[in-house]
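Here is a short briefing on one protein chain. Keep the sequence and the 3D view side by side as you read.

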Amino acid sequence: MLRHSFIFIPGIGRHTENRLWQRRILTWNDLRSGLGAAGLNRRQQAAAREYLSRAEEALARQQAAFFARHLPRREHWRAYAEFRARTVFLDLETTGLSPYYDRVTVIGCCDAGGARAFVRGADLEAAADYLRGFAILVTFNGTLFDLSFLRREFPGILLPPIHLDLRYLLKGLGLGGPLKRIEARLGISRPETVRDIDGHQAVVLWRRFQDGDRDALDRLLLYNRCDTVNLARLMDLVYALKAREAGFSPDPAFSSGPAPDALPYLPDAFGRPLPGEPGPAAACASGRHPLLVPGLIRQIEARGRVPAAVGIDLAATEARETGFCLLRGEEADLARAATDEEIMRLVRAAGAELVSIDAPLSLPAGRCCTSDSCPCRVHGLTRECERVLVRRGIRVYPCLIEKMRGLTLRGMRLAERLRREGKEVIECYPGAAQDILGWPRKRADLEGLHRALVDAGVRLPARGRRPSHHQLDALTAALVGYFYLAGRYEALGNAGEGYLIVPLP
């Protein structure tokens, strides 16, 4: 397709290019030899002579940067066939979804020589030099995810000049949705051992590896290699379909359609050994903080404060369970509550001066109420603290979307009652705290969250029922209170709306 393309020539757009094709001017040689009959003006003819020569030279020297600069970005796929031997297919695994807080754990790559992985604690740093040698980088959703992580992990990294994001190329062909769903539609299979793994479970596998489960790393690497190898199959298919869409027959080396038999899984690409096994440094890759709580206690006491905090995982209504935790020293006392009166009794009995609540405790600036019919609705649904978290890649619901309004109103009422009784009240978001600390959220891996809290130095009751997910979030809220008392926190928001407290590890 690259030699059929003319839109890298200044003054020639898609309309003119289509007109040239209709006149049977199909290649660079056709245009060069038939400029007089091409229907171009003098300026276009002069540009064609110059840029055809420059394109020939760039292609001969395998300089993909020329085509990256002069082809429209949406047409970069046209360079794929000519630079296929210098294309790398990449997929990252990370400790979470936030480029601001999370880190890369595995960089999986597939090129003409096969598949390989760079692993944190083993040889992750070598990936930057490896990637520098390619002309084209192919990802799935790399525009929003992989490239952000790579640039944060390796400031100043030199990536291939052409980036093809299959998420958007496939969507343009009517194949939208997650990668695995697209693979299933096209009959691309995966080994049974990793067929049910998704991105969230990949995060859990890394954490289990950090706990000493070597099999978890093996599964994670196989899952990652499936992604990268299947990207190669999908890119071939995309190129073939796009070329046909433009009216050209693709090279037979490329897949010509979505028939399942034409897109087999490639097990041979998985036979290559890893470049190195994770060594002792891999233990440092974990987001866990062994003996975190004793250190916080020392810092709290050094500031003249008492290491005691109440954490409340507030439910939107009194009909649902609210998780409660009193964290005093290293001991966590967990309870359940339902009504506001039950919560108030538990707080009074706890005796702690600081209460950390998992619920919005204020309205967006300019809002006087939560009603959609009030004129204050023009000020929106979201507070500054929520916008900051979203920019940092942490999932959070705006405080005034319909499903959050009840929780916001209840949180504000409860906070006001507690403050009238002399309590210091802060707002927290356990999900954000867990992401920042590198711990799993409750819905991803409840057992992993329980283990992370114990690893941090919290002493949970030895007997009784296993803590509920509400209680573990309440414990996380209390731990955010410890970060606040120790002065190791960031306050997100502004004076008008109030602040959301997140930990500084």
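Helices and strands here are DSSP runs, numbered from the N terminus: a helix needs at least four residues, a strand at least two. The model is predicted. The chain has 17 helices and 12 strands.

**Overall picture**

- The chain holds 505 residues, and 54% of them are buried.
- Along the principal axes, the C-alpha atoms fill a box of roughly 90 × 60 × 40 Å.

**The second largest pocket**

- Rolling a probe the size of a water molecule over the atoms shows where empty space is left.
- The second largest pocket contains about 360 Å³ of space.
- Which residues lie nearest the centre of this pocket? They are Arg73, His76, His163, Leu164 and Asp165, out of 19 residues in the lining.
- Three elements each give at least two residues to the lining: α6 (146-153), β5 (162-165) and α7 (166-172).
- By class, the lining has 10 nonpolar, four polar and five charged residues.

**Aromatic pairs**

- A pair of aromatic rings is described by the distance of the centres and the angle of the planes.
- The count of aromatic pairs comes to 16.
- One of them joins Phe8 and Trp28, with 5.7 Å from centre to centre and 75 degrees between the planes. That angle makes the pair edge-to-face, because the cut-off for this class is over 60 degrees.
- The Phe8 and Trp28 pair links distant parts of the chain, 20 residues apart. Phe8 sits in the segment before α1 (14-22), and Trp28 sits in helix α2 (residues 28-33).
- Phe8 has a relative accessible area of 2%, so it counts as buried. Trp28 is buried too, at 1% relative accessibility.
- Trp77 and Tyr239 form another edge-to-face pair, 5.8 Å centre to centre with 70 degrees between the planes.
- Trp77 is buried at 3% relative accessibility, and Tyr239 is buried at 4%.
- Ring pairs also build a cluster, made of Phe8, Trp28, Tyr51, Phe66, Phe67 and Phe83.

**Charges over rings**

- Tyr51, a member of that ring cluster, has the charged end of Arg54 over its ring, 4.6 Å from the ring centre.
- Tyr130 has a charge over its ring as well: the charged end of Arg116 sits 5.4 Å from the centre.

**Positive phi values**

- Most residues other than glycine have a negative phi.
- Arg24 has a positive phi, near 65 degrees. Arg24 lies in the loop between α1 and α2.
- Is Arg24 buried or exposed? Its relative accessible area is 60%, so Arg24 is exposed.
- Gln62 also has a positive phi, near 55 degrees. At 27% relative accessibility, Gln62 is partly exposed.

- Gln471 lies in helix α17 (residues 469-485). Its relative accessible area is 4%, which means Gln471 is buried.
- What does the side chain of Gln471 reach? It reaches the backbone oxygen of Ala335, at 3.3 Å.
- Leu314 is in the loop between β6 (308-313) and β7 (322-328). Leu314 is buried, at 6% relative accessible area.
- Leu314 and Asp340 are 26 residues apart along the chain, and their C-alpha atoms are separated by 9.7 Å.
- Leu147 belongs to helix α6, one of the elements that line the second largest pocket. With a relative accessible area of 7%, Leu147 is buried.
- From Leu147 to Pro430 is 283 residues in sequence and 27 Å in space, C-alpha to C-alpha.

Definitions and conventions:
Residues are numbered from 1 along each chain as its sequence is written. This is a predicted model: local features need pLDDT of at least 70, side-chain atom pairs count only at pLDDT 80 or more; totals for chains, interfaces and linings use all residues. Side-chain values use heavy atoms; hydrogens and water are left out. On a 1 Å grid over the protein atoms alone, a cavity is a set of points where a 1.4 Å probe fits but cannot get out, and a pocket is an open set with protein on both sides within 12 Å along at least five of seven lines; lining residues have an atom within 4 Å of a point. Grid points are joined across faces, edges and corners, and a volume is the space filled by probe spheres set on the points. Ala, Val, Leu, Ile, Met, Phe, Trp, Tyr, Cys and Pro count as nonpolar, Asp, Glu, Lys and Arg as charged, and the others, Gly among them, as polar. Rings of Phe, Tyr and Trp (its six-membered ring) pair if their centres lie within 6.5 Å; planes under 30 degrees apart count as stacked, over 60 as edge-to-face and the rest as tilted. Buried means under 20% relative accessible area, exposed over 50%, partly exposed in between (1.4 Å probe, protein chains only). A charge sits over a ring if NZ of Lys or CZ of Arg is within 6 Å of the ring centre and within 35 degrees of the ring normal. A polar contact is a pair of N or O atoms within 3.5 Å; within protein, one must be able to donate a hydrogen and the other to accept it, and residues adjacent in sequence count only if both atoms are side-chain atoms.
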